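Subject: Handing over the structure

Hello,

Here is the structure I promised to pass on to you. Please open it alongside this message, and then read on for what turned up.

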Amino acid sequence: MNKAAYASADDSGAKLALHIERLVAFALANELIEPLDVDASRNALLDLFELTEPAPDVHAEQLPDSPVPLLEPLLDAAAARGLLPDDTSTRRDLFDARIMGLLMPRPSETNRKFRELVQHDGAAAATDWFYQLNIDANYIRMDRIKRNGYWKHATPDGELEITVNLSKPELDPKEIALLKTLPQGNYPKCLLCKENVGYAGRPDHPARQNLRILPLTLQEELWYFQYSPYVYYNEHSIVFCGRHTPMKISPATFARLFDFIEQFPHYFIGSNADLPIVGGSILNHDHFQAGRHVFPMEKAPVNDWHTVVGEPGVAAGIVRWPMSVIRLTSPDRSALLRAAAHILTVWRSYSDPDADILAFSEKGNEHVEHNTITPIARMKDNGEYELDLVLRNNRTSERHPDGIFHPHQELHHIKKENVGLIEVMGLAVLPGRLQMELGQIAGILAGRTAYDPEALAAQDHPLHKHASWIAGLVDNHGTTQSEASAERLIKAAVGDKFYAVLQDAGVYKTDSQGREAFHRFLKAAAVI
């Protein structure tokens, strides 16, 4: 395109073409595409934005580390040109993925490159490349993840990690109203199905044109590996079954976990439990979570190791942790798997009424199962297998209708949701609403906002759910703290709440009575 023709072009179109050119340059520089892909990628983006001419030759310029600054003007242009039905965060996210999907290697190309890296440079180098690919493709939205609040909190059982999740954008009222009018979608069946790859999305289901997954073989079955778009810890991964099948903790689960860490020894892998209340948010599709992160629970010590009865090559002990964790270690995979399978089998049917543990209850004609396990596997530097088995029970009672071994009601203002795998290991993922609420409470402690108990008692007050907690904080610390001191006090108080959450979720408490009950089970399971 010559300069005269370019000068006569529509200015907004010319600027848009220039933005497209910069994004294509970013994709090439970060190896999302190769030189032979440049023309096709440019033309695909021109077609998407209904342009017929590219920008003229542009001088090389420094590109950002992230695609986000390059995408924002393109999303603005899409809204201005009527390519978005509504200029909402949801619609922009859908179009964002559509743009980046045009600059991605095909799924088979991604898998081929990954396998080549595994073969020549090792699994850690391959996951390094794949993780960066997901960041550069804006599937992992690092700009949002960096906004998450994060701090550590000391407890008698080690440092906990606390994060306030701000990565997922809030829906505005218009989007919420729209979702109520939409018919229920049946494809893909859930967010974990392999059919999500390349899916254009809809207001109630995220777009996945920039998603890439890698096939794995676990226990002679086809599974897939991908990264979570909203990572809660380093290289937060999801490993999911190729079939849409419900979660089920079984001896085969433990074997699959070991298959994974043999292929990726630099990652841990674990599973949410498979029952409501103590399980994760998606129970209808079997999956694990993995990644390269050392969680607080992994650092927690075992006070007394025992040789497992009948398995002399396996050591077992109780982890010093607020939840009820049995740690097994062995260089012998088969022996460890036998020990773990036996513990699971015994726990499934184990009852101890004195400890509030009943394996089953009757609901009408239904036999309801209550005992299950949250397992976490690691490969240690010395080549030994390590498996943590977290005992779970999902019974409810009149006093605790949300769960006996679940955050109790006085903690719900901070954490009411299930205590899943990530939190079991010591990382709290708290709702984004807390960011503003905690700031307002800090303002009360610092005297920036007047403390008004009567106002807080009103049901419609935004801090009403925290009223009794605030009263305790004011009684203990007053309302004349410095801003920095108020923030430290709030963070410590939230950390104490999360520690209490884990204590509630532990089936065996850490007092003498709880320890005795825990040892009764270990003897029943022939662990000691």
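The axes of helix H10 (residues 251–263) and helix H12 come within 9 Å and cross at roughly 145°. Axes here are lines fitted to C-alpha atoms, for helices over the stretch in contact, with angles running from 0 to 180 degrees between N-to-C directions. Helices (H or I, at least four residues) and strands (E, at least two) are DSSP runs, numbered from the N terminus. H10 passes H12 in a right-handed crossing; a crossing is right-handed if the near helix is turned clockwise from the far one by less than a right angle, and left-handed if anticlockwise.

Before going further, please note that this is a predicted model: local features need pLDDT of at least 70, side-chain atom pairs count only at pLDDT 80 or more, and totals for chains, interfaces and linings use all residues. Residues are numbered from 1 along each chain as its sequence is written, and side-chain values use heavy atoms, with hydrogens and water left out.

On the H10 side, Pro-251, Phe-254, Ala-255, Phe-258, Asp-259 and Glu-262 meet Arg-333, Leu-336, Leu-337, Ala-340, Ala-341 and Leu-344 in H12, where contact means heavy atoms within 4.5 Å. By class, this contact of H10 with H12 has 9 nonpolar, no polar and 3 charged residues. Ala, Val, Leu, Ile, Met, Phe, Trp, Tyr, Cys and Pro count as nonpolar, Asp, Glu, Lys and Arg as charged, and the others, Gly among them, as polar.

H12 (residues 333–348) also gives the largest share of the lining of the largest cavity, 3 residues. The structure holds 1 cavity of 30 Å³ or more, and the largest cavity has a volume of about 40 Å³. A cavity is a set of points on a 1 Å grid over the protein atoms alone where a 1.4 Å probe fits but cannot get out, and lining residues have an atom within 4 Å of a point. Grid points are joined across faces, edges and corners, and the volume is the space filled by probe spheres set on the points. The lining is made up of Val-308, Leu-328, Ala-339, His-342, Ile-343, Ala-525, Ala-526 and Val-527, which divide into 7 nonpolar, 1 polar and no charged residues.

Two other helix pairs are worth a look. The axes of H6 (residues 107–121) and H7 (residues 123–136) come within 7 Å and cross at roughly 150°, so the two are roughly antiparallel to each other (angles over 145 degrees count as such). Their crossing is right-handed, and the contact has 9 nonpolar, 2 polar and 2 charged residues. The axes of H4 (residues 68–80) and H5 (residues 89–101) come within 10 Å and cross at roughly 115°, again in a right-handed crossing.

Finally, two spots in the backbone. A cis peptide bond joins Tyr-187 and Pro-188, with omega about -15°; Pro-188 lies in the loop between helix H9 (173–181) and strand S3 (214–218). Glu-31, a residue other than glycine, has a positive phi near 60°, and is found in the loop between helix H2 (11–29) and helix H3 (38–48).

Enjoy exploring!

Technical notes
Parallel < 35°, antiparallel > 145°, perpendicular 65-115°, else oblique. 1 Å grid on protein atoms, 1.4 Å probe; cavity = no way out; pocket = protein on both sides within 12 Å on 5 of 7 lines; lining within 4 Å.
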